[in-house]
Structures are given as C-alpha cells and as structure tokens.
Amino acid sequence: HTKPCHPRLCPTPASPPLLCELDLRSDLDVPDIPPPTDSTPEILKRALSGLSARWKNWWIRGILSVAMISGFFLVIYLGSFMLMLLVLSIQVKCYHEIITIGYRVYHSYDLPWFRSLSWYFLLCVNYFFYGETVADYFATFVQRREQLQFLIRYHRFISFALYLTGFCMFVLSLVKKHYRLQFYMFAWTHVTLLITVTQSHLVIQNLFEGMIWFLVPISSVICNDIAAYIFGFFFGKTPLIKLSPKKTWEGFIGGFFSTVVFGFVFSYFLAQHQYFVCPVEYNSETNRFVTECEPSELFQIKKYPLPPLFQAVLGWETVNMYPFQLHSIALSTFASLIGPFGGFFASGFKRAFKIKDFADTIPGHGGIMDRFDCQYLMATFVHVYITSFIRGPNPSKLLKQLLILQPEQQLSVYKTLKSHLIEKGILQPSLRV
C-alpha cells in the first residue's frame, strides 16, 4: 500500500514513479506524544494551590530560577574543572532529551542495536573532541606519561577507527522493512551530535580563554531570558513571532536594553579579578587548573572620550572603563537580538513534533534543552568572535608544543629562529674565533 502522490511533486503522469513513492509526512501525520508529567514538588503545589495558573507558573519559574542560579554560582566557586563537568553533564542530558523524542516520534524502540549505537556515537565524538582538548592544553602533562603519548599521537586515527566500528555496526543492523526508519534515526542521531557535542566543545574552548568569556555570554542569555519574561508578563501585548505566541515585542525590547546594561556592569566587576580574566591553564606540578597571570590590555582600565551628546547630558568629557566592557556590548547585543532565535528554532522543533517541552526535568521550565537552546547558539558566536577579533599568537601554547618535540627537532627550531632574528636585526651574529 502506498500513499497518494503529493500534487506538487507529481503534476503530470510523466513524473518519475520513485518520486511519488516517497513517504512524505505532513505535520498532521506526526503521531502525538504523551504530554510530560507534572514534576512540580508537592510542597510547592500545596503552597501555591490558591493562585491562578498564570501566577502559579510565575512563582514556580521564579523559585526554580533562583535555585538554578545559586547552584551555578556554587559550581563557579568550585572552579574550572567543575564547570567542565557541568558542561559535559548538560550536553549528555540534552542529547538524551532529543534522542528520546526521536524514539517516541518514530516508534523506534524496537530497532536492533540502535539505542546502544546512539550512545556509542556520543562516546566516540566526545572522545575525539576531549582528546583534541587534552592535546592542545595539557601537553606538558601528556609528555610525562608514555601511555598518553601513544594515545595523543594516534588520537585521530583511534577516533576514526572507533567511529568506523559504529558505522559498520549500523550497516550490519539494517533489517528488511525498517531501512527507511533506521536511516531516519541515523540522521537524527548525527544532527543531535552536531547540535550538542560540537557546541559544548566550543563552550569549553571559550572557558580556556578565561572564565569571563564563559560567564558573560551565559549570564547575558540568562538575563535576557528573565528580563524578556518579566517585561512580557507585565507589559506584553504585541505578539512577536507565531512560533512562540507568548513572546511579545515588549518583552523582546525590554530584554535587549536590560541585557546590554547587565553585560556592561557585570563585565566591570569580573574584569577586576584575575580568577575570571586569566586563561585557564593546567599546572602539571600541582595537578590543578590555575588562573594566574598578568591581565592583558583588555582588562586594564583605560580612558575613553565620550560623544558630545553624552558630554552634554552627563557633564563628563571622558570615562574610565575596561576595554572588555566594549566587547561585552557586542556579546550582550547578540544574546538579546540573535540568541532568542535559538529559542524560536527550538519552539518550531517542538511544534513540529507536537510537544510542549523537551522533557519535564525542571518544573515550570521543561527540560534541560529548553533552558539551553539559546546557549548553544551563543557559544558558537563567542568562539567565532574570539578567533576573529581577540585571539592572537599564544606563546605559552606554542612553547608547550615545542617541549613535546625530540631534542634534535627542538635544536632545529632554535637554529631557524636564531637565523630569523639575526636577519631582522634583533640579534647580533656571534663572532667566531
């Protein structure tokens, strides 16, 4: 039995028959997914039982937001390593939520090996990315351990071999009457890997540049989400986009100005502390991550002239601030104007599959992916911004790479560098007797 051909694809009898046999599913063909259960703690339900649904949701979201922000500050206090573990945990949970939706929509629980293969591919991709991070930032530590030297030297080959094993297992798992469904889920898995693992890797890359590059973007997205919700709740009247009927222009505009101001002020406080501005480096002698350095020019107070309009209003001709605060305006602007489109994209995804939230992990908020749909887009922008406008040559990282070389290779680099400096006139040629 085949479905009727879509008229736009087969306007004439001469149309290719294979095109008509394509299983094109409209939005109405997508099966309904059972709504998530209410995970609100009983104590909150009883305390808010007398309120309307609108205000009950307000208080639940508010209380849980304060709890999550408090937990986030605790993780920041515990240091960079705990932040990396937090990023990894969020990545795994987001991956689980998206994969689970695919299983439910396509009823693919009974496909042979596929649930195991999905998690196997996650392990493979994480092995590749975290191995690359270890090779880049922990070179001195790796040099002291022969087993790690082997793994790092052949890291990409090992990663490819692991992935190839999963690929062959997938091909062997193909069964008659399920080919199309299996390839649906194979593509679903890889797109999910692209969204979650790649972006979380960029988050960690940003963290190594300095915790401020991690905290300001994430906090800006959180601030914009909260401010837009508050402005929309109290003043929202004009719908913003059909994908998210609750989003309003009042919330969008109020969130923008609030986020820019927040990012500018928050950056000022963070820029005063080495703990937040210094690149995160691993000290192999103490086996700890350290954040000690001489702050770069980005984090040193400079005097800037004010535009004539501001001079007339404020009565100041100049203002003292950190150069990073100017960059924070760019980050905050992206977080408030473009970042929400990550949320709109997620809303479209949820509407396509007739679900309200990705999961019911956080009462009043949905799943972890519901809270981090904008963060992943923000992470990519920050990484591109750093590589395009901020990052320069890194002598420390280059030195670590040189220390891994064999003595004769180090000597060759030394002779080449010495000849180059002599040609530039920076060094005087040594006199031979």
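What follows is a short chat about this predicted model.

Me: What are the ground rules here?
Reply: This is a predicted model, so local features need pLDDT of at least 70, side-chain atom pairs count only at pLDDT 80 or more, and totals for chains, interfaces and linings use all residues. Residues are numbered from 1 along each chain as its sequence is written, and side-chain values use heavy atoms, with hydrogens and water left out.

Me: What does the pLDDT average?
Reply: The protein chain averages 82, on the predictor's per-residue confidence scale from 0 to 100. 84% of the residues score at least 70.

Me: Where is the pLDDT below 50?
Reply: Over residues 1-25. Beyond near neighbours in sequence, that stretch has 19 contacts in the model (contact: heavy atoms within 4.5 Å). Where pLDDT is low, the predicted coordinates should not be read in detail.

Me: OK. How many helices and strands?
Reply: The protein chain has 18 helices and six strands. These are DSSP runs numbered from the N terminus: helices are H or I with at least four residues, strands are E with at least two.

Me: And how much is buried?
Reply: 38% of the 433 residues. Buried means under 20% relative accessible area, exposed over 50%, and partly exposed in between (1.4 Å probe, protein chains only).

Me: Which residues have the most contacts inside the largest nonpolar core?
Reply: L83, I212, W213, F214, L215, F299 and L331, in a core of 41 residues. A nonpolar core is a set of buried Ala, Val, Leu, Ile, Met, Phe, Trp, Tyr and Cys residues joined through side-chain atoms within 4.5 Å.

Me: Which element gives the most to it?
Reply: α10 (211-235), with eight residues. Others that give two or more include α3 (53-78), α4 (80-106) and α16 (368-390).

Me: What does W213 touch?
Reply: Not counting residues up to four places away in sequence, W213 touches N206, L298, F299, F324, L331, V382, Y385, I386 and I390. Apart from this core lies another, of 34 residues, among them L48, Y103, V197 and F358.

Me: Switching to S332. Buried or exposed?
Reply: S332 is buried, at 0% relative accessibility. S332 sits in helix α14. Leaving aside neighbours within four places in sequence, S332 contacts S220, T259, V260 and G263.

Me: Now strands. How do β1 and β2 pair?
Reply: Antiparallel, over two bridges, with β1 at residues 239-241 and β2 at 244-248. Pairing requires at least two DSSP bridges between the strands. β1 and β2 form a hairpin with two residues between them. P239 has T248 in β2 as bridge partner.

Me: Last topic, aromatics. How many pairs?
Reply: The structure holds 29 aromatic pairs. Rings of Phe, Tyr and Trp (its six-membered ring) pair if their centres lie within 6.5 Å; planes under 30 degrees apart count as stacked, over 60 as edge-to-face and the rest as tilted.

Me: What about Y229 and F233?
Reply: That pair is tilted: 6.0 Å centre to centre, 35° between the planes. Both lie in helix α10, four residues apart, about one turn of the helix. Y229 is partly exposed at 25% relative accessible area, while F233 is buried at 11%.

Me: And why is F349 with F353 called tilted?
Reply: Because their planes are at 55°, with the ring centres 5.1 Å apart. F353 is buried, with a relative accessible area of 12%.

Me: Which residues form an aromatic cluster?
Reply: F114, Y120, F121, Y163, F170, F183 and F186 form one.
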